[in-house]
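This briefing sets out selected features of the structure shown below, arranged by topic.

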Amino acid sequence: MEKKKAKKTTHVGDAARDGADAPWGWLTHRGVVPTFSFVSLFGLLVRAAVSLHPYSGAGTPPKYGDFEAQRHWMEITINLWARDWYVNGTLNDLSYWGLDYPPLTAYQSYVHGLFLKLFDPDSVALFSSRGYETYFSKLLMRWTVLSSDVMVFFPAVFCFWIVYNRGRSRGGERCDTAWHIAMLLINPCLILIDHGHFQYNCISLGLTVGAVAAVLSQKDLIACALFSLALNHKQMSAYFAPAFFSHLLGKCLRRKNPFFEVSRLGLVVIGTFAVVWWPYLYSSDALLQVLSRLAPFERGIYEDYVANFWCATSVLIKWKRLFLTPELKLFSLIMTVSTCLPSMIHQIASPSSQGFLYGLLNCSLSFYLFSFQVHEKSILLPLLPASLLALDDPSLYKWLTHYGLLSMFPLMRRDRLLLPYTTLNALYFLLHHVPRDRRDSEVTSSSAAYTILTAFSVCCYFGLHLVYLTMHAPEKYPFLFEALIMIFCFFQFALLAIYTNKKQWTLSKHLMLLNKEKKLI
Amino acid sequence: MTNTPPPPISELRWHVAVATCLKLLLIPSYRSTDFEVHRHWLALTHSLPLSRWYTDETSPWTLDYPPFFAFFELLLSYAARAVDPVIVHLHRGLNYRSDSVVLFQRITVIAADSCLFYAVYRLTRKCEPRKGRLIWALVIWSPMLLIVDHVHFQYNGFLLGILLLSISYLSEGKDLAGGCLFAILLCFKHLFAVAAPVYFVYLLRRCFRGTFARGFGLLSALGVAVITIFAAAYGPFIYHGQMQQVIRRMFPFGRGLCHAYWAPNFWVFYIVMDKVLSFVLRRLGFDIQMPAVSFTGGLVGNSSPFAVLPQITPLTTFIMVLLALSPCLIKAWRNPQPKNAARWIAYAYTSGFLFGWHVHEKASLHFVIPLALTAVQSLGDAKHYFWLSIVSCYSLFPLLYEAQEYPIKVLLLLLHCVAMFLGFSALFNGSARAKATAPESRKGDQSGEKRSSSLAKGGGFTIGWITRCYLFGILLVELWGQFLHPYILGNKLPFVPLMMISVYCAFGIMYSWIWQLRSIVRCSS
């Protein structure tokens with residue numbers, strides 16, 4: 001408690017000097033909007049610069065990569081009727097990048113397809129446009145991602161930031177809050193995947209951030225609608241579903257009429273889903289066809305080298321060989337649910353804003369580590385709540401970002417994105433350690449074991465990069481280094497998951513202590 | 001307030017590191033032919049003996065910078081050979097564009113910028129923290145430098161670093177070092193010679209402040225140093241008897257009054273006036289012959305491009321630049337104060353830009369960057385700088401004509417605007433109240449009063465309505481050029497958008513020149 005008090009007094013000291021000679025006084029003295037616009041312009045500039053670099057599958061026929069997948073979906077959606085989008089047919093060959101995201105992604109592709117058609121009709125012509133990569137069409141595609149970021153992710157972050165700071169409401173921390181925007185907007189993994197590799201994660205993540213902001217400002221119905229939209233953009237958003245569910249349930253249970261409250265939220269969710277799925281509601285077959293496209297269980301329990309439990313332990317236990325897919329499905333379901341449970345129970349028992357954010361982090365980490373068919377790109381989902389919590393636990397976010405980046409390193413090398421990868425790594429490190437004149441330098445009483453562990457991890461971090469770039473793997477184990485990176489990252493993520501779960505539970509004790517103290521006073 | 005410590009160097013290092021990250025990200029962006037020009041110079045200096053540097057014609061991009069720059073390229077070429085031998089191959093390297101050469105050349109520009117950073121550090125090490133930080137933001141994050149050096153490709157950051165270093169020595173009263181650095185700069189890029197009269201008058205007068213003996217000693221030391229520097233640069237070529245050839249290469253007067261894209265200077269008005277007059281006179285029945293060559297075509301030969309107005313020769317422009325400089329020279333002669341050196345030098349480059357022969361739009365860097373040092377001194381200066389840097393950055397937009405870089409240049413300019421607005425208002429709104437009686441702010445209000453009447457009341461940094469209208473006009477010009485012109489007129493009159501940018505920006509730069517002239521004349525009189 002004393003420590004906290006001491007921190008507060010130094011903050012008051014900061015406030016007195018704020019604006020005059022603080023390093024970032026010039027940035028924050030005009031208030032919220034100029035600060036946000038400055039940082040977001042910088043974030044956009046970084047995104048625009050990253051988009052100059054190659055994307056996944058650039059100039060590599062016959063399958064290309066995610067860029068071609070997105071372009072192909074635009075081609076399909078603007079040339080076919082909505083009910084044919086998910087059905088294999090003469091005009092829609094599902095084996096060539098068939099649509100396997102929920103309908104909102106399809107609608108987004110439709111809108112972007114119209115945009116492309118307006119300026120470059122050839123780039124979305126049926127069949128003839130496969131592998132279409134001209135200077136102009138590439139640019140148009142890149143600009144659709146940039147504009148999605150501006151229209152969805154940035155406003156959502158702005159709302160979240162306003163709501164979150166209102167909740168904290170302490171003066172003299174303008175510099176910290178400005179830093180928080182930078183951390184939210186300049187998330188290197190997200191920038192690399194969206195603007196380098198080429199995807200539209202900013203939309204589903206933006207919708208999720210919007211939902212979080214709505215939850216924090218007690219607008220639960222809006223939160224339900226936004227989160228349902230996020231789910232309908234990428235099914236991966238389900239990583240956050242247990243946290244939303246448990247937090248909202250916990251909140252409803254504390255109100256006068258729990259059943260009524262829950263059914264209201266349920267109706268909003270069902271209503272949103274019904275609107276999004278409208279074209280497929282005419283028959284159950286159509287619905288099941290779309291659903292079967294969304295759950296590609298035939299692809300196996302993990303893909304490539306992803307730093308999760310199944311892939312890491314497959315070095316010892318050959319899961320894919322020993323068990324059948326249905327069994328594996330059951331295993332992963334049990335593991336995921338059981339690891340989510342602690343944080344869910346915590347939120348149902350004592351829902352709190354901070355606890356909710358930790359719940360999001362814990363649930364998404366559990367899903368990343370234990371669920372079925374995880375991509376290395378899925379690390380973006382745990383990273384999002386970590387970035388929302390950056391002000392609360394900066395080192396957690398830093399740790400997760402750097403290891404998240406490392407886990408994507410082989411992918412980045414395949415995509416020829418090493419230069420932006422290295423640069424964004426450095427840029428993130430610099431932004432994280434922005435010079436602030438803080439009197440209370442973070443003195444963490446760390447044990448020797450902790451220091452040794454950190455030093456060891458950092459050495460491994462650089463060592464693995466170096467080894468992967470300079471050495472050739474032995475013939476017998478061509479993917480040796482990928483496996484090493486994956487196992488190392490898995491241990492880091494698993495440790496982090498334990499740490500964040502513990503933190504979520506100690507959080508409530510801390511809060512309870514605070515409340516008791518208040519009552520005593 | 002005056003005793004506050006300077007901003008810590010760790011902060012400067014942080015800014016430099018972040019800026020470097022951004023520059024690294026810009027590596028794959030569009031490169032102009034200057035990239036191949038510099039690559040060719042690497043090969044030229046590496047594979048040919050010194051006697052053939054200024055005579056070789058393997059590529060159309062002959063060496064047209066002074067010898068120090070050639071030596072600089074020679075130095076780089078050893079590193080280049082270690083990276084990829086094809087880069088320095090005179091024939092096989094022509095139009096070489098592999099990843100290795102792009103990476104190598106881009107990184108040399110980024111590394112050469114360290115000269116600029118050292119100069120900025122030296123200039124701000126005794127500054128108030130807020131002013132120091134603002135200067136960093138204006139110079140290190142200058143959108144113009146990023147556009148010209150790190151996208152378009154040139155080594156201006158390095159050269160301007162030498163200029164700023166020279167200014168930094170001058171402003172400390174160390175005239176010998178300042179003069180020598182300027183001489184070195186001239187041997188790197190002769191286009192900087194426009195400020196030579198100012199340097200000459202200033203240094204000459206500085207030498208004769210005290211006793212005659214001391215002054216004569218200083219003068220002779222300066223003379224010997226400068227002659228040594230020039231001898232080091234041109235000596236080898238004099239030895240080979242090539243001086244005439246070197247000078248012919250360095251001053252290609254055959255290139256005409258204006259560049260293909262007209263730099264926004266005085267001659268734009270002259271050309272437009274000529275066109276209007278010839279049109280009107282023809283309507284009135286006079287027999288006006290159309291000029292054989294046109295300005296929009298690019299290369300201009302010997303015949304007069306003007307229909308009505310008299311032909312302009314290099315000598316005319318030379319005299320006009322000297323005339324424009326004369327008030328400043330008189331001031332420098334009367335009272336050579338070190339604190340005004342930056343202002344005078346920037347003014348000299350502005351005059352050169354406005355009235356010079358065959359001026360490139362990139363030359364606006366030569367005065368915008370030094371003016372950043374004076375911008376933090378008073379409110380009026382800040383307002384002027386806000387205006388000038390936006391106009392001159394916008395005038396560089398046609399350099400990056402490809403669609404890919406469009407978001408980048410727009411974002412750079414917007415970011416710069418927001419940063420300047422926030423920085424200047426933090427600097428002046430905070431201090432305006434504290435030192436309402438200080439002479440500095442009074443002077444600022446005086447010089448800014450005409451532009452906006454509402455300034456005097458607030459006292460802080462506000463943007464007057466004339467500035468707002470002018471800046472809004474930039475938006476309209478850009479909208480017309482980018483969207484409406486291709487949409488309405490199609491491919492007809494393709495030169496009109498560029499011409500509009502030139503003319504519109506020329507007004508802004510003309511205004512800036514008048515403002516600078518006025519502030520110099522009024523200063524301490």
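In this predicted model, helix 17 of chain B covers residues 379–395.

**Helix 9 of chain A**

- Helix 9 of chain A runs through residues 201–216.
- At 1.5 Å a residue, its 16 residues should span 22 Å, and the separation of the end C-alpha atoms, 22 Å, agrees with this.
- Because 16 of the 16 residues are buried, helix 9 of chain A is largely enclosed by the rest of the structure.
- After helix 9 of chain A comes A:Q218, which has a positive phi near 65°.

**Interface between chain A and chain B**

- Contact between the two chains involves 36 residues of chain A and 37 residues of chain B.
- The area buried between chain A and chain B is about 3300 Å², of which 80% lies on carbon and sulfur atoms.
- Within chain A, the residues that lose the most area to chain B are A:W26, A:L45 and A:L52, which together account for 20% of what that side buries.
- Zero salt bridges are counted between chain A and chain B, while seven residue pairs are in polar contact, both residues being at pLDDT 80 or more.
- On the side of chain A that touches chain B, at least two residues each are supplied by helix 2 (25–28), helix 3 (32–50), helix 6 (135–168) and helix 20 (418–432) of chain A.
- Helix 3 of chain A provides the largest share of that side, ten residues.
- Sorted by class, the side of chain A that touches chain B comprises 29 nonpolar, five polar and two charged residues.

- A:S51 lies in the loop between helix 3 and helix 4 (66–79) of chain A.
- The relative accessibility of A:S51 is 13%, so this residue counts as buried, the cut-off being under 20%.
- Apart from neighbours within four places in sequence, A:S51 is in contact with A:R142 and A:H195.
- A:S51 and A:R142 are 91 residues apart along the chain, yet their C-alpha atoms are separated by 6.6 Å.

Technical notes. Residues numbered from 1 in each chain as written. Chains lettered and ligands numbered in written order. Predicted model: local features only at pLDDT ≥ 70, side-chain atom pairs only at ≥ 80, totals over all residues. Heavy atoms only, no water. Helix = DSSP H or I, 4+ residues; strand = E, 2+ residues; numbered from the N terminus. Expected span 1.5 Å × (residues − 1). Contact = heavy atoms within 4.5 Å. Buried area = accessible area lost by both parts, 1.4 Å probe. Salt bridge = Lys/Arg side-chain N within 4 Å of Asp/Glu carboxyl O. Polar contact = N/O pair within 3.5 Å; in protein donor to acceptor, adjacent residues only side chain to side chain. Nonpolar A, V, L, I, M, F, W, Y, C, P; charged D, E, K, R; others polar. Buried < 20%, exposed > 50% of the residue type's maximum accessible area, 1.4 Å probe, protein only.
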